[in-house]
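Notebook open, structure loaded. I want to look up a few spots and jot down what turns up.

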Amino acid sequence: MGVRYSEDAKNSFISGNYTNYRYFILALSYAIRWLKINYFDNVIINSLLYSAGLIYFCYEFSRYVGISLKYIAFFCIAVAFQGFMADLSSFTMAYWNYGISWIAMGGALYFLRTSKNFWGLSAAIILSVITLTSYQVAAQLLILAAGCAYLYAVLFKPKDSLFLELTWRPVFVYVVSCAIFLVMKKCIGPEWGRPVHFSALIHNIKPYFTDIFYQFFNGKYSSIFPMHERFLYFSSILAISLYLIYMLISKRNYCYFFALLSLAACLAFAENPFNLPFDLFWPSPRSLTCNSFLYPVLLIFVVQKIFSYHEQFQKPAFYLGAVFFVTVC
């Protein structure tokens with residue numbers, strides 16, 4: 001089964017990778033076309049790459065954060081059916097970009113989880129650079145993985161929740177890979193497609209953070225982010241925030257304060273900081289894809305905490321939740 005794209009459309013897409021700084025995809029596309037392999041028209045292969053990459057990343061993200069694999073089915077379904085991810089999935093011609101990005105990010109988390117030495121860190125940086133030169137938004141998932149891992153530790157194993165130990169490596173990988181990406185952009189080009197300057201960064205701070213609020217209450221994304229999802233996910237954010245504040249006041253333990261900071265950082269980075277420095281502030285739904293991973297994880301935390309004293313009900317609850325998302329979303 002295939003979809004026939006015109007040669008002009010294919011060439012436009014390939015050259016568009018250059019103007020969007022997706023250098024890895026650009027080089028790979030030229031190499032594959034030189035081998036006379038027409039990957040554009042094969043929707044099945046592209047869809048399998050996209051789906052397999054997404055499932056693999058969800059698995060590695062779950063492992064890194066510490067979530068039990070018995071929740072993986074719910075997590076994958078909730079991510080795939082979340083509105084921002086559904087909007088991303090509508091761009092079938094870019095499945096190649098997305099699939100490679102998910103696989104590279106999953107690999108980065110694998111090396112961060114299994115290898116504590118220099119080589120593991122280096123491999124994670126290389127894979128993060130591949131992600132940034134394939135689909136930039138996906139690289140922010142490193143920050144979400146770090147924040148969610150610390151949140152999970154504080155919620156379920158507060159005695160083992162060492163802030164720097166759980167967060168510094170993915171944050172370091174993200175910062176270094178972003179620096180390498182900016183050097184590549186400076187050396188390879190092109191110039192930014194939209195005007196970039198410091199005053200725009202300052203001007204966009206307010207709409208950037210109010211857009212988090214608008215996701216739930218303004219109706220701005222209501223066509224792809226239905227009411228039941230907004231209710232469940234916002235309730236999860238609120239419940240975790242109130243629980244951490246209560247524990248901070250009652251236990252007076254600094255780990256709950258850092259957990260609140262981690263939650264705030266996750267919400268901020270899921271909003272896509274790449275939108276900040278441009279004159280035209282345009283938080284398109286597909287640029288907010290990281291929220292599709294963050295919100296289901298927070299919901300899992302809440303349900304797991306509620307049923308922590310009755311674990312036999314956890315698995316049925318998530319199976320019912322998975323069926324709910326498939327049938328209603």
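Started with Asn204, which touches Asn275, Leu276, Phe278 and Phe281, leaving out residues up to four places away in sequence; contact here means heavy atoms within 4.5 Å. I'm working on a predicted model, where local features need pLDDT of at least 70, side-chain atom pairs count only at pLDDT 80 or more, and totals for chains, interfaces and linings use all residues. Residues are numbered from 1 along each chain as its sequence is written, and side-chain values use heavy atoms, with hydrogens and water left out.

Where does Asn204 sit? I find it in the loop between helix H10 (198–203) and helix H11 (205–217). Helices are DSSP runs of H or I, at least four residues, and strands are E runs of at least two, numbered from the N terminus. Asn204 is buried, at 2% relative accessible area; the cut-offs are under 20% for buried, over 50% for exposed and partly exposed in between, with a 1.4 Å probe and protein chains only. A polar atom of the Asn204 side chain lies 2.7 Å from the backbone oxygen of Leu276.

Next entry: Ile240, in helix H12 (residues 227–251). Buried or exposed? I get 3% relative accessibility, so Ile240 counts as buried. Setting aside neighbours within four places in sequence, Ile240 is in contact with Leu151, Leu263, Leu298, Phe301 and Val302. I also checked Ala259, 19 residues along the chain from Ile240: their C-alpha atoms are 9.6 Å apart.

Zooming out, I count 15 helices and zero strands in the protein. Of its 329 residues, 49% count as buried. Among contacts between residues at least 6 apart in sequence, 78% join residues at least 24 apart.

Last, the lining of the second largest pocket: 15 residues, with Tyr64, Lys116, Ala149, Glu165 and Leu166 nearest its centre. A pocket is an open set of points on a 1 Å grid over the protein atoms alone, where a 1.4 Å probe fits, with protein on both sides within 12 Å along at least five of seven lines; lining residues have an atom within 4 Å of a point. H9 gives the most to this lining, four residues.

Technical notes:
A polar contact is a pair of N or O atoms within 3.5 Å; within protein, one must be able to donate a hydrogen and the other to accept it, and residues adjacent in sequence count only if both atoms are side-chain atoms.
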